Amino acid sequence: MPDYTFSAPHKPLLQQGEKVVWPTEGVTLRYSADSLEEVAEIFHTTVENIKELNPDWQDNYSRNGGRYWDLKVQAEPYTVPENNVVTVTVNAPWVEGHYDRTEVSDVPASLDKQARAALASAYYFQYHWFGMHAGFMPFESVEGLPGWLQGYATDGAFYTKFSEFSSFLHTVYSDAWIDDMLNMDPAPFAEGESDTILTIDGDRGSNIAYCGHVFTEPELQPDGSLTFYQVVLTCESEDFAGWAGEETIVPDTATVTTVRLVPTENGWRVDALELPN
């Protein structure tokens, strides 16, 4: 497993630093969901109200993804929460690439130490191996593998043995999350011969309008899980021209995504998490 260091609890700081001004006057609150009924239930409103707030709601539906994207969910401005966070540094010193050895993430301060480590590990894994980049590097190419698999991970990769990779995953994620990832079509990883890891190799871009993210306070649910929202702040103004200028940016939109931790005999495991950008 990687190494971890934890800061003291502190107020959240937006990830773009001094370039971003905290949105004191509130922002537009948005959410993506599989159905309008789901949105209405979560935000204690009606489908009719969601349609009124989103005159173009039909255009926001993606048949490919099967979701309604970025639906406005309330008329009044949303006050961005300022709940304390803890900064967790995750370090895997055996990884060859300097950039991929370390990830620094803020997580809710009210989580216990084990939950903080699990959530920070999930951010680390998803940023480096299952998000901005997908797949382990370095790897040795192999012809004729199924799906998008390119080859098997070699020394210097995050893991080279599938048994060790599986142990990491089960220390961080729920069984359901792991099953979903490994059985995706196409799958990002697979077990190869002699305990090797078959891997894809891919990259994606990020949202240039991203200003940072904060969290609502984790709440214990009747099923024993901890659930809260990751509040992703962006600047959707037509005047936004990127980060090269001298002017500061005020986020105007907050898109919330669900974070869920489930209890196991050995501690909390991440069951739902999307990268903020």
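Trainee: How do the residues of the lining of the largest cavity divide into nonpolar, polar and charged?

Mentor: Five are nonpolar, two polar and one charged. Here Ala, Val, Leu, Ile, Met, Phe, Trp, Tyr, Cys and Pro count as nonpolar, Asp, Glu, Lys and Arg as charged, and the others, Gly among them, as polar. Before we go on: this is a predicted model, where local features need pLDDT of at least 70, side-chain atom pairs count only at pLDDT 80 or more, and totals for chains, interfaces and linings use all residues. Residues are numbered from 1 along each chain as its sequence is written, and side-chain values use heavy atoms, with hydrogens and water left out.

Trainee: What counts as a cavity or a pocket?

Mentor: Both are found on a 1 Å grid over the protein atoms alone. A cavity is a set of points where a 1.4 Å probe fits but cannot get out, while a pocket is an open set with protein on both sides within 12 Å along at least five of seven lines. Lining residues have an atom within 4 Å of a point. Grid points are joined across faces, edges and corners, and a volume is the space filled by probe spheres set on the points.

Trainee: Which residues line the largest cavity, and what is its volume?

Mentor: The lining consists of Pro-12, Leu-13, Gln-15, Val-85, Asp-106, His-213, Val-214 and Phe-215. The volume is about 30 Å³. Strand S13 gives the most to this lining, with three residues. Strands (E, at least two residues) and helices (H or I, at least four) are DSSP runs, numbered from the N terminus.

Trainee: And the second largest pocket, what volume does that have?

Mentor: About 240 Å³. Its lining is made of Gln-15, Tyr-99, Glu-103, Val-104, Ser-105, Asp-106, Tyr-123, Tyr-127, Met-132, Tyr-210, His-213 and Asn-277. Those divide into six nonpolar, four polar and two charged.

Trainee: Which element gives the most to that lining?

Mentor: Strand S6, with four residues. S6 (102–108), helix H4 and S13 (210–215) each supply at least two residues.

Trainee: On to H4, then. At what angle do H4 and H5 pack?

Mentor: H4 (residues 113–128) and H5 (residues 162–172) pack at about 130°, with their axes 9 Å apart. That makes H4 oblique to H5. Angles under 35 degrees count as roughly parallel, over 145 as roughly antiparallel, 65 to 115 as roughly perpendicular and the rest as oblique. The axes are lines fitted to C-alpha atoms, for helices over the stretch in contact, and angles run from 0 to 180 degrees between N-to-C directions.

Trainee: Which residues make that contact?

Mentor: H4 brings Ala-118, Ser-121, Ala-122 and Phe-125, and H5 brings Phe-165, Phe-168, Leu-169 and Val-172. Contact means heavy atoms within 4.5 Å. Seven of the contact residues are nonpolar, one is polar and none is charged.

Trainee: How does H5 pack with H6?

Mentor: H5 and H6 (residues 175–182) pack at about 135°, with their axes 9 Å apart. They are therefore oblique to each other. From H5, Phe-162, Phe-165, Leu-169 and His-170 meet Asp-175, Ile-178, Met-181 and Leu-182 of H6. This contact divides into six nonpolar residues, one polar and one charged.

Trainee: Change of topic: what is the order of the three-stranded sheet?

Mentor: The order is S1-S5-S6, an open sheet with antiparallel pairing. Two strands pair if DSSP finds at least two bridges between them. S1 (3–6) and S6 stand at the edges with a single partner strand each, so one side of each is left without a neighbour in the sheet. The twist averages 25° from one strand to the next.

Trainee: How many bridges join S1 to S5?

Mentor: Four, with S5 covering residues 85–91. Phe-6, for one, has Val-88 in S5 as its bridge partner. H4 packs on this sheet, touching S1, S5 and S6, and its direction makes about 135° with that of S6.

Trainee: What about S2, which strand runs parallel to it?

Mentor: S16 (residues 253–264), joined to S2 (residues 28–33) by four bridges. Thr-28 stands opposite Thr-253 in S16. S2 also pairs with S4 (residues 67–72), in the antiparallel sense over three bridges, and there the bridge partner of Arg-30 is Lys-72.
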